[in-house]
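Thanks for coming, everyone. Please have a look at the sequence and the model on the screen.

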Amino acid sequence: TPHALSKVRANPGSFSRVGGTFHRRAGVVPHPATAFTSRRPLRPSSQIMRGSVSSSDSTEAQSRVPTLHVFYTMAGGRGHAADALARSPQRESNALASKTLRDLGMLEGRPEQPQEPVWPSVSVFAAHGPRRDVFDPTTSTSLASIRSAQWAHIDASLTRMQEAQRRWAKLTGDERVAIVMEITENIRHNTESLANLLTLEIGKVPSESVGELVEIFEVAQSIEARAAECGGDQTHVTRQYNSKDSTRRELGWYGEERSLPLGIVGKVTAFNFPYAPFGWGALPALATGNGVVWKPHPDAVLSAMAMTRVVDTVLEKRGFSGLVCCIDIVDKNLVERMWTDPRVGMWEATGGEKMGVALLQAVAPSMTRTLLELGGNNAVVVHSDADVTQAVESCLFGTTGTAGQRCTSTRVVYCHEAVYDDFERRMVEGYNTRVRIGDPLTPGVNVVRNHFPALEVGGNVVVNPGKVVF
């Protein structure tokens with residue numbers, strides 16, 4: 001299955017008080033034969049049948065619209081067939097995890113010691129939160145333990161970040177961009193360890209784990225090419241313009257616009273993509289003079305803390321340790337308290353709609369800025385003149401990539417009747433011969449178990465217009 005990287009365009013202006021928006025498109029690169037619909041809820045399958053496109057029995061209605069057939073996919077489900085999962089209990093998850101964490105400087109020879117709730121750690125004389133285990137979803141073995149943060153840890157981290165951010169904002173844009181490039185090179189140097197940890201913790205196949213890091217490198221390239229928008233040889237972008245009024249021009253008056261950092265930018269990431277969305281937000285935020293506080297999903301906290309460790313290694317050498325921090329919080333009340341903290345000037349969040357609504361409701365009274373990239377409900381349209389081979393390639397990756405747990409995962413295919421039978425046959429053949437479910441570290445496996453429970457549906461592929469395909 002071809003690996004399609006996200007198309008990212010980093011706009012540093014999003015993290016300034018004057019600026020544009022942070023544009024992002026991510027997902028399978030569509031062939032001309034495919035077309036993605038809006039994120040509106042799909043019609044019930046009973047309303048989209050062979051020979052009709054609506055619940056209306058009107059001949060006139062049917063004659064106005066071309067006939068399409070619906071082909072539902074596994075991406076709409078929350079797991080995989082239990083008896084199709086090929087587990088590998090012989091794999092030494094603990095040994096690989098210990099080596100990976102040690103290579104990233106997160107063990108220091110004490111595998112039984114729980115991880116700190118904040119990275120980089122803060123010296124706070126306060127009780128930690130509950131201790132919990134982080135599990136490998138493939139083997140159900142514990143990878144490590146971690147103690148969750150309490151408010152004292154969060155407060156100390158934000159206070160330290162404020163102090164570092166004030167000094168960071170006084171650097172020129174070129175100096176900040178140069179340090180961001182150093183951070184990127186350190187991430188590149190640790191690619192193998194970071195990717196291994198993501199595969200262990202999330203269950204992604206290695207190629208997808210590395211793909212997330214490649215997206216960070218692409219964002220860094222964009223920032224380097226647009227260094228002038230981050231301040232250039234000045235601390236921040238300054239634009240001057242002359243007045244249209246002749247009297248004011250004669251007096252030497254002119255207008256000036258400055259793009260100033262927001263201060264601290266908060267980042268929330270989902271379990272299925274912790275690295276790439278962090279890079280989308282954190283690198284432009286740093287380049288424009290901000291600090292970044294990262295709240296990862298509890299199922300991806302080890303990977304997030306390892307990434308933070310790699311980032312802080314560079315910042316510490318430059319005297320800015322703590323400018324980026326990662327906090328493990330499981331108490332929803334503490335999460336909302338952090339969302340509403342006035343020291344955070346903006347929250348950028350990637351995750352589900354429920355989380356996005358909760359964040360918006362929490363920050364509404366203070367009018368804190370938000371930038372949300374939430375879930376999707378995506379369809380592919382296969383026209384009568386489509387290249388069916390390419391359409392099947394795109395749909396197979398769209399439905400099975402990341403075990404169907406992407407905001408851009410293909411949930412339904414609308415296929416023209418002229419090519420429906422051929423498309424259906426090739427899709428079923430692809431599921432039966434090319435989709436291999438199992439241990440992500442086993443060569444050839446391209447669909448893995450995630451943190452959702454398996455569905456008790458059997459291991460057979462079932463095809464019917466308007467039915468789910470597992």
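First, some ground rules. This is a predicted model, with local features needing pLDDT of at least 70, side-chain atom pairs counting only at pLDDT 80 or more, and totals for chains, interfaces and linings using all residues. Residues are numbered from 1 along each chain as its sequence is written, and side-chain values use heavy atoms, with hydrogens and water left out.

When I say helix or strand, I mean a DSSP run: H or I with at least four residues for helices, E with at least two for strands, numbered from the N terminus.

Let's start with the sheet. Strands of a sheet pair through backbone hydrogen bonds, either parallel or antiparallel. Here we have an open sheet of 6 strands, with mixed pairing. The order is S4-S11-S10-S9-S12-S13. Two strands count as paired if DSSP finds at least two bridges between them. Which strands stand at the edges? They are S4 (118-119) and S13. Each has a single partner strand, so one side of each lacks a neighbour in the sheet. Look at S4. It pairs with S11 (residues 324-327) in the antiparallel sense, over 2 bridges. Val-118 has Ile-327 in S11 as its bridge partner.

Next, helix H11, residues 353-363. Its buried residues are Met-355, Gly-356, Leu-359, Ala-362 and Val-363. They sit on the same side of H11, because they cover an arc of only 130 degrees around the axis. That arc is taken from the directions from the helix axis to the C-beta atoms. Buried means under 20% relative accessible area, exposed means over 50%, and partly exposed is in between (1.4 Å probe, protein chains only). What covers this buried side? The cover includes strand S9 (264-268), H10, S12 and strand S13 (369-373). Contact here means heavy atoms within 4.5 Å. The face turned away from the buried side carries the exposed residues Lys-354 and Gln-361.

Now the salt bridges. How many does the structure hold? There are 17. Each is a side-chain nitrogen of Lys or Arg within 4 Å of a carboxyl oxygen of Asp or Glu.

Take Lys-99 and Asp-103. Their side chains meet at 2.9 Å, N to O. Both lie in helix H2 (residues 93-103), and they are 4 residues apart, so about one helical turn separates them. Lys-99 is partly exposed at 48%. Asp-103 is partly exposed too, at 42%.

Compare Asp-155 and Arg-343. Their closest N and O atoms are 2.8 Å apart. This pair links distant parts of the chain, 188 residues apart. Asp-155 is in helix H3 (residues 151-168). Arg-343 is in the loop between helix H10 (332-339) and strand S12 (346-350). Is each residue buried or partly exposed? Asp-155 is partly exposed at 30%, while Arg-343 is buried at 17%.

There is also a network. Salt bridges link Asp-422, Arg-425, Arg-426 and Glu-429.

Last, the cysteines. A disulfide needs a pair of cysteine sulfur atoms within 2.5 Å. A search of the whole structure finds 0. Cys-415 is buried, with a relative accessible area of 0%.

That is my tour. Over to you.
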